[in-house]
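Begin with a strand, then follow the aromatic rings.

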Amino acid sequence: MLRKTLSGLPIARRAFSSRAACRQGEHGVNNHSDPVGTTIILPSLSIVENSENAGLPGLFSDSVLKDIWTEQTAQKLDDLKYGISESPLRSTLESAFVEYNSNKNVFLKGHKTSAANLMEDFAITTNNPTIDKYYKLLSKTAKKPTEQFVFQNASAIYNLYYFLSSLKPNPDNTVAKVGVEELYKTPDVFSEIKNAPRPEFESQIEASFGSLQEFKTLLLSTAKAVKGNGYTWLVYKFRQPELGQETRDLSRFSSLAILNTYNHGTPHHFRAGQISNARAFKKQKSESSEEDDGSFSMYKIDIPSLEQAQDTYDPLKYVYEPLMAIGNNPSFYLRDYGVFGKARYLENVWNCIDWSVVETRWANRALSTRR
C-alpha cells in the first residue's frame, strides 16, 4: 500500500475577489481569447447529465451533487482559464487542449527512440478525450512552481472526475445524518460484501491484497484516515517503460495499489525527486568529513534517515494509472451525513462503485498493448 502524496504540495489558494473585473478591458471587453483550436471545457459526466434533479440516489442529494460538480467545478474551470490566460507560458499550456489523434486503448504514444524523448511520448489516455487534455496540462505544470494556480485548479477537476465517473446510483443505500453512536460501531468483517466486482477483476484484487474483504477494509479505512481534503485512489502500479524495454513483458512488476493524495495532489508521479536526493546527502557527508579531526567517536557516526537511505540507490521507476477515486472532502458528506457520518458515507460509496467502469480502465491498462 502506498500512502504518500505523489504530486501537488499543499498551497494557499489565491484570492481573486475582483477576478471578473480584472478580465474585462476598459470597455467591458474580455481581453483573453479562447485557447487556439479548442475551448477549455469540463469533461462530461453521465451521472450528472442523467440526474434529473435527483442527485445521485444512494449517495448524494441533488443540492450536494449540484454544488460539488456544477457550482464548485464551474468556479475551478473559471479560475483555470484565468490562470492560463495570465501565465507567461500561455501558449505551452494552451497546447494541452489542442486536438490530437488519440487511438483508443493505446497508452504509449509516438515512436521516438532517443532516451531523452522516450518518456515525453509516454501518456496515459482514456476513452474521454477531454480528461486526457487535463492530464497533459497537469504534466506540463506539475514541476513549475510558477504554475501552481493552474495545476491546482486542473487537478481539482481531474480528481473529481475520477471520483464521480466511477459511481452509479444505488437506491438501497440510506442517505441521512447519523449520531455519535455511529463512531462506536464495529465493522462486521464476516458479512457478505455487497456490490462485488466480477470474478476476473476480483482475482486481481485478491492477488494484490489477499482477499476482497481485506481490500474493502483497507480501501475504506485508508479513506477514513484522510483528515480534510483529499482522495483515496485505486491505481494500477506498473514499471515505467525505458529505452530498449518497449517490448518486454514487465507485468510481473505490476499490481493494484491504494494511495492517498491530499488537497490538490494527483496519483501521478509528476513531482518525483523534488524532496531530496542522494547527491545532496553525499555532498553534505563529504563536507562534514572535511571538518573531521581524524579521531574516532561513536557520537560522530551519522546514521541516515529512512528517506536518506532510500535516496542512496536508484529505485525502479513506476507509473500509477488511476482506476477509481474516493472523494474525502468534508463538503462531499457533511451536509447529507453530518459530522459523524463519514463511515456511513464511505460504505455508501462502496455500494455505488460502478465496477464496469473500473474494470474497463483496468482492461485497457498501459501494459496491455505491450504483451
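How many residues of strand β3 (residues 318-327) are buried? In this predicted model, 10 of its 10 residues are, and the strand is mostly covered.

Next, look at the partner of β3. Strand β1 (residues 230-239) runs antiparallel to β3, and nine bridges join the two. Within this pairing, Tyr236 stands opposite Glu321 of β3.

Now turn to the rings. The whole structure holds 18 aromatic pairs. Take Phe60 and Phe163: their ring centres are 6.2 Å apart and their planes meet at 90°, so this pair is edge-to-face. Phe60 sits in the loop between α2 (46-49) and α3 (62-86), while Phe163 belongs to helix α7 (residues 148-164), so the pair ties together parts 103 residues apart in sequence. Phe60 and Phe163 are both buried.

Phe60 and Phe163 belong to one aromatic cluster, whose members include Tyr158, Tyr231, Trp233, Phe332 and Tyr345.

What does Phe163 touch, leaving aside residues up to four places away in sequence? The list is Phe60, Tyr231, Ala325, Ile326, Gly327, Phe332, Tyr345 and Val349.

Step back to the nonpolar core. Nonpolar side chains tend to be buried together in soluble globular proteins. Here the largest nonpolar core has 71 residues. Phe60, Tyr134, Phe163, Leu164, Phe215 and Tyr345 touch the most other members. Helix α7 supplies the largest share of this core, with 10 residues. Phe163 lies in that helix.

Notes
Residues are numbered from 1 along each chain as its sequence is written. This is a predicted model: local features need pLDDT of at least 70, side-chain atom pairs count only at pLDDT 80 or more; totals for chains, interfaces and linings use all residues. Side-chain values use heavy atoms; hydrogens and water are left out. Rings of Phe, Tyr and Trp (its six-membered ring) pair if their centres lie within 6.5 Å; planes under 30 degrees apart count as stacked, over 60 as edge-to-face and the rest as tilted. Helices (H or I, at least four residues) and strands (E, at least two) are DSSP runs, numbered from the N terminus. Buried means under 20% relative accessible area, exposed over 50%, partly exposed in between (1.4 Å probe, protein chains only). A nonpolar core is a set of buried Ala, Val, Leu, Ile, Met, Phe, Trp, Tyr and Cys residues joined through side-chain atoms within 4.5 Å. Contact means heavy atoms within 4.5 Å. Two strands pair if DSSP finds at least two bridges between them.
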